[in-house]
Amino acid sequence: MSRTFLGLPRRLSRPDDGAPPAGADGSSEQPFGPVPHPQAPLRWGDAFPVAAHRTLQDAQLRRNLGHATQVIRAKRAAVVDEVPDWEALRDAGSALKERVMAELPELLQRLEENVTARGGVVHWARDAAEANRIVTEIARAKGADEVVKVKSMATQEIGLNEHLAAEGIAAIETDLAELIVQLADDMPSHILVPAIHRNRTEIRDIFLARMGDAPPDLSDVPRELAMAARAHLRRKFLSAKVAVSGANFGVASTGTLAVVESEGNGRMCLTLPETLVTVMGIEKLVPDFEDLEVFMQLLPRSSTGERMNPYTSLWTGVTPGDGPSEFHLVLLDNGRTDVLADEVGRAALHCIRCSACLNVCPVYERVGGHAYGSVYPGPIGAILTPQLTASTGGVSGHGDVNAALPYASTLCGACYEVCPVKIDIPSILVDLRAREVDADRSRNGVDPWAAAMKAASWVMSDGGRFGLAGRAATLAHGLGGRDGVISVAPPPASAWTRTRDLPAPPSQTFRQWWAKEHETPRTPEEER
Amino acid sequence: MTDARTEVLSRVGAALGRPGSGTTPAGKVGAAPRDVVVPRGYRAAGEHVAGSPEVLEQLVDRLVDYKAHVQQVAEADLPATVARLVRGLSAGRAVVVAPHGIDPGWLAGLGDEVAVREDSPASPLPATELDAVDAVLTAARVACSETGTIVLDGQPDQGRRAISLVPDVHVCVVRTAQVVQTVPEAVRLLGAHPERPLTWISGPSATSDIELDRVEGVHGPRTLHVLLVG
């Protein structure tokens, strides 16, 4: 397997990814890849089972993730425990989001009205291409060949940076983790901490090789690394003409938008440039300003495990003399209405992107974010990504890599327990799996599941046949390794062992054991 | 071809099973959602009143936890305290930015050793100049003790958002009566003027992006002094 710098498995290109960028071939000696950026940020790389198998072999990745998720879980638990009305806040948050979905047409129009009344310009985008075009045109109109960016999942989802680059506009990520990912030509692997898969030494190496102005004696102490990023971005902030952000919340009743952050890069982008463009998914609304009192308690404690994040900015249109003189809001669909149309799956749109479900997930903790092949990894990604790509086969699409995502879970339920808006992720996973099975049933001429069940029913309906079958099964005992499991079985059992182990059958059946246990010593009585 | 606005709204309508709305891109028409009543069982206010000793103690505890510097100062001592904080920031003559509506008394102790630059929406200092000053002095709108949060709302005693962002040291004066216990109390107070640009500050800027190890001081002010007055 060709491996890129720091052992990150190279993303294998899929036929629909188009040509990899120049230099992608034979570039393994290049320090950081490149890891080609996918043309479809919601569908890249191999299907989960294959991708996970590969990432599981990366011991460094597992160590980095294990450490990081353990730290964040402990922090979250501590600050959640000190809130006496946490469950009441979750109930309110869940119901508020459900209300937003039910009243979405009215709330969207109210938001538009209020933003417009305060001097903002509202744009609507049906899909990623349309949103990218809108942002590009605004940047062009301002004569900008560079835009500064606040970390934003929506712009990740539409591949805005890559689109702008193709149009000759450099998008500079200013969040520290996004900067690390961007400099390494890598993909993010976590919603909140996109570079969670990198440790301090790897980050130092990336800065030294790619930042350009990193001090040559840079150490791997986090403080020094953060200071290098501060110095590197300072000039960009002070000179940028156009900024692009996402939004954590949009208040329908006032037209107020909110960005929640830590480093101050968000404030820089939202305050200093003359023009601000915010790309927001249509589901990120809250009905009223007062509703922020719920979400501003739920989000920081769930995401970074802090009582409150260092900085939150709220702005309403344009404020003369303070901040950008031009504000554009792009309202993005890009598959969200398909999710909304699903009675069960629509709850996935309640997500406030805190990433608590990633941090507690035993699957995510081991395979990492890249295995999910989407900018939305982890449990929420497993229900959101397939649904967002429903119109192109993401849900139960035969052979679609995203259709495998609902299986990327043990259904342990930890994600549901920590979700600040109580999204029942396990139930949605099961629902999506059921749909996949149903779709497969109608697709194939012969349903192997139904055939197997019919055969089993014939065998089990007769004691003699059942005993014979049991004895036949013991023949497979030899296939098991010393650990008593079969890792590679011949067809048709290979369909099972391709992705999981099969416990080896014992050397004798229960009936054989029983007979043996009771045959000696035989009493004359029994002989009769 | 319909415009994007009409089409997105029609898709949303279809997803919610509203009549005459067509379908979503995947060809779906959803079921109508149930009516939702939002349960508001959470605390609308804390057990301690604004400005009470319990609330102040909690605010100090939280701010110190975030690595902010906090002092409780008597009104009469405020000018001297401000002067002491600002003077030490530069080997030469320190420069402090103040919004045009700030209480001039707060600056009275500065003397000739400190230069004061006034900033207002009408005559704003360029960002590059803000980058060169040593500190900024502002008031605040409200503070929340449970979360250690101070909110600025851009009024004349707090100034433009840029002035409390670019300088490396932020000295923020909070009156004890402005300190409430819970987030809902703060939000409802701010809700009187939701259109004002709001900046919620909980300690100096910080990042946890490297191994989730918290580092204080990234792009925003690396040092936050909170002076509790009253």
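1. Start just after helix 9 of chain A. There, A:Gly212 takes a positive phi of about 90 degrees. Helices here are DSSP runs of H or I with at least four residues, strands are runs of E with at least two, and both are numbered from the N terminus.

2. A word on the source. This is a predicted model, in which local features need pLDDT of at least 70, side-chain atom pairs count only at pLDDT 80 or more, and totals for chains, interfaces and linings use all residues. Residues are numbered from 1 along each chain as its sequence is written, while chains are lettered from A and ligands numbered from 1 in the order in which they are written.

3. Stay with helix 9 of chain A. Its buried residues are A:Glu202, A:Ile203, A:Arg204, A:Ile206 and A:Phe207. A residue is buried if 20 or more other C-beta atoms lie within 10 Å of its own, exposed if 12 or fewer, and partly exposed in between, with C-beta atoms placed from the backbone. The cover over these residues includes helix 8 (176–183) and helix 10 of chain A.

4. How do helix 9 and helix 10 of chain A meet? The axes of helix 9 (residues 200–210) and helix 10 (residues 222–239) of chain A come within 10 Å and cross at roughly 30 degrees. Helix 9 of chain A is therefore roughly parallel to helix 10 of chain A. Axes are lines fitted to C-alpha atoms, for helices over the stretch in contact, and angles run from 0 to 180 degrees between N-to-C directions. Angles under 35 degrees count as roughly parallel, over 145 as roughly antiparallel, 65 to 115 as roughly perpendicular and the rest as oblique.

5. Now the residues in that pair. Helix 9 of chain A brings A:Arg200, A:Ile203, A:Arg204 and A:Phe207, and helix 10 of chain A brings A:Pro222, A:Leu225 and A:Ala228. Two residues are in contact if their C-beta atoms, placed from the backbone, lie within 7 Å. The residues of this contact split into five nonpolar, no polar and two charged. Ala, Val, Leu, Ile, Met, Phe, Trp, Tyr, Cys and Pro count as nonpolar, Asp, Glu, Lys and Arg as charged, and the others, Gly among them, as polar.

6. Step back to chain A as a whole. Its secondary structure comes to 23 helices and twelve strands. Its C-alpha atoms fill a box of roughly 105 × 55 × 50 Å, taken along the principal axes. Of its 528 residues, 52% count as buried. Among contacts in chain A between residues at least 6 apart in sequence, 73% join residues at least 24 apart.

7. Look at strand 10 (residues 326–332) of chain A. Six of its seven residues are buried, so strand 10 is largely enclosed by the rest of the structure. Six bridges join strand 1 (residues 120–125) of chain A to strand 10 of chain A, and the two run parallel. In this pair, A:Ala125 stands opposite A:Leu332. Strand 7 (residues 275–281) of chain A also pairs with strand 10 of chain A in the parallel sense, over seven bridges. Here A:Leu276 stands opposite A:Phe327. Two strands pair if DSSP finds at least two bridges between them.

8. Is A:Ala404 buried or exposed? A:Ala404 counts as buried, because it has 22 C-beta neighbours inside 10 Å. A:Ala404 lies in the loop between helix 16 (378–388) and helix 17 (414–418) of chain A. Leaving out residues up to four places away in sequence, A:Ala404 touches A:Ala47, A:Phe48 and A:Pro49.

9. Next, the two chains together. The contact takes 81 residues from chain A and 69 residues from chain B. On the side of chain A, helix 3 (residues 86–102) gives the largest share, ten residues. That side divides into 42 nonpolar, 19 polar and 20 charged residues.

10. One helix pair spans the chains. The axes of helix 4 (residues 104–117) of chain A and helix 1 (residues 4–15) of chain B come within 9 Å and cross at roughly 155 degrees. That makes these two helices roughly antiparallel. The contact joins A:Leu104, A:Pro105 and A:Leu108 to B:Leu9, B:Val12 and B:Gly13.

11. Four bridges join strand 9 (residues 311–316) of chain A to strand 9 (residues 198–201) of chain B, and they run antiparallel. A:Tyr311 stands opposite B:Ile201.
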